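Here is my note for you to read beside the sequence and the structure. Please take the points in order.

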Amino acid sequence: MVLDKNSAQKTAELLLQINAIKLRPENPFTWASGWKSPIYCDNRVILSFPMIRNYVRDEMVRQVESLYGKPDVIAGVATGAIGIGVLVAEALNLPFVYVRPEPKSHGRKNQIEGHLESNQRVVVIEDLISTGNSSLNAVKALQEAQADIKGMVAIFTYGFDQAIENFRQNGIELHTLSDYETLIGIASETNYVKEEQLKTLLQWRTDPSQWKP
């Protein structure tokens, strides 16, 4: 769910500007899942642009405070959200932990890195939501450590029905700075994509797992 339309539009503009999001309908990307996609998002690029990095940090801080007040801990989902999660935690003067996809196979075999106490109120920071599975896997690890999950704030979501349903079934509140619908609107208004490319982007969004270029 996007809270602020103006912020969503500006975030989308900035992500396109620095190529954190690439739109390539004529030469689709292949995701790790095997899906073919005319869009690729790598929000870690944000960290290389101080002004944009600070904007995203400030917007995430604003949303965390508006939605949840001041939690006890900020948790980032590894690896993409570690950097922005640290920045949000620093701005809020809060402890930070991050969650691996699975426990380490050596040492202390941690899945959660950092100090986390039972019943602490945690807001999870994520960079990108696709199906939501990896994000909710991190939430599950935190819940197993007896954290009180207040919600999740992410930079961008594709807005897949599968993700919406996954978050609903798990009872986790998700808010994002921007989303696919806003992005496509900005790309169209600014002539970032041509009309034929726009048709492809809209078509892909209706059934991304089965889409063929």
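**Pockets and helix packing**

1. Start with the second largest pocket. Its lining has 16 residues, and Met1, Thr157, Gly159, Ile164 and Asp179 are the ones nearest its centre. Keep in mind throughout that this is a predicted model.

2. Which elements give two or more residues to that lining? They are helix H5 (161-170), strand S10 (174-179), helix H6 (180-189) and helix H7 (195-206).

3. The volume of the second largest pocket is about 300 Å³. Its lining residues divide into 10 nonpolar, three polar and three charged.

4. Now turn to the largest pocket. It holds about 730 Å³ of space. Its lining counts 28 residues. Nearest the centre lie Ala32, Asp127, Leu128, Ser130 and Ser134.

5. Which one gives the largest share? H4 does, with five residues.

6. Sort the lining of the largest pocket by class. You get 13 nonpolar, 10 polar and five charged residues.

7. Next, look at how H4 sits against H5. Their axes come within 10 Å and cross at roughly 15°. Angles under 35 degrees count as roughly parallel, so H4 is roughly parallel to H5. The crossing of H4 past H5 is right-handed.

8. Which residues make the contact between H4 and H5? From H4 come Asn133, Ser135 and Leu136. From H5 come Gln162, Asn166, Phe167 and Asn170. By class, this contact has two nonpolar and five polar residues, with no charged ones.

9. Compare that with helix H1 (residues 5-17) and H6. These two pack at an angle of about 65°, and their axes are 9 Å apart. The range for roughly perpendicular is 65 to 115 degrees, so H1 and H6 are roughly perpendicular to each other. H1 also passes its partner H6 in a right-handed crossing.

10. On the H1 side, the contact with H6 uses Ala8, Gln9, Ala12, Glu13 and Leu16. On the H6 side, the residues are Thr182, Leu183, Ile186 and Ala187. By class, the contact of H1 with H6 has six nonpolar, two polar and one charged residues.

Notes:
Residues numbered from 1 in each chain as written. Predicted model: local features only at pLDDT ≥ 70, side-chain atom pairs only at ≥ 80, totals over all residues. Heavy atoms only, no water. 1 Å grid on protein atoms, 1.4 Å probe; cavity = no way out; pocket = protein on both sides within 12 Å on 5 of 7 lines; lining within 4 Å. Points joined across faces, edges and corners; volume = space filled by probe spheres on them. Helix = DSSP H or I, 4+ residues; strand = E, 2+ residues; numbered from the N terminus. Nonpolar A, V, L, I, M, F, W, Y, C, P; charged D, E, K, R; others polar. Axes fitted to C-alpha atoms, helices over the stretch in contact; angles between N-to-C directions. Parallel < 35°, antiparallel > 145°, perpendicular 65-115°, else oblique. Left-handed = near helix turned anticlockwise from the far one by under 90°. Contact = heavy atoms within 4.5 Å.
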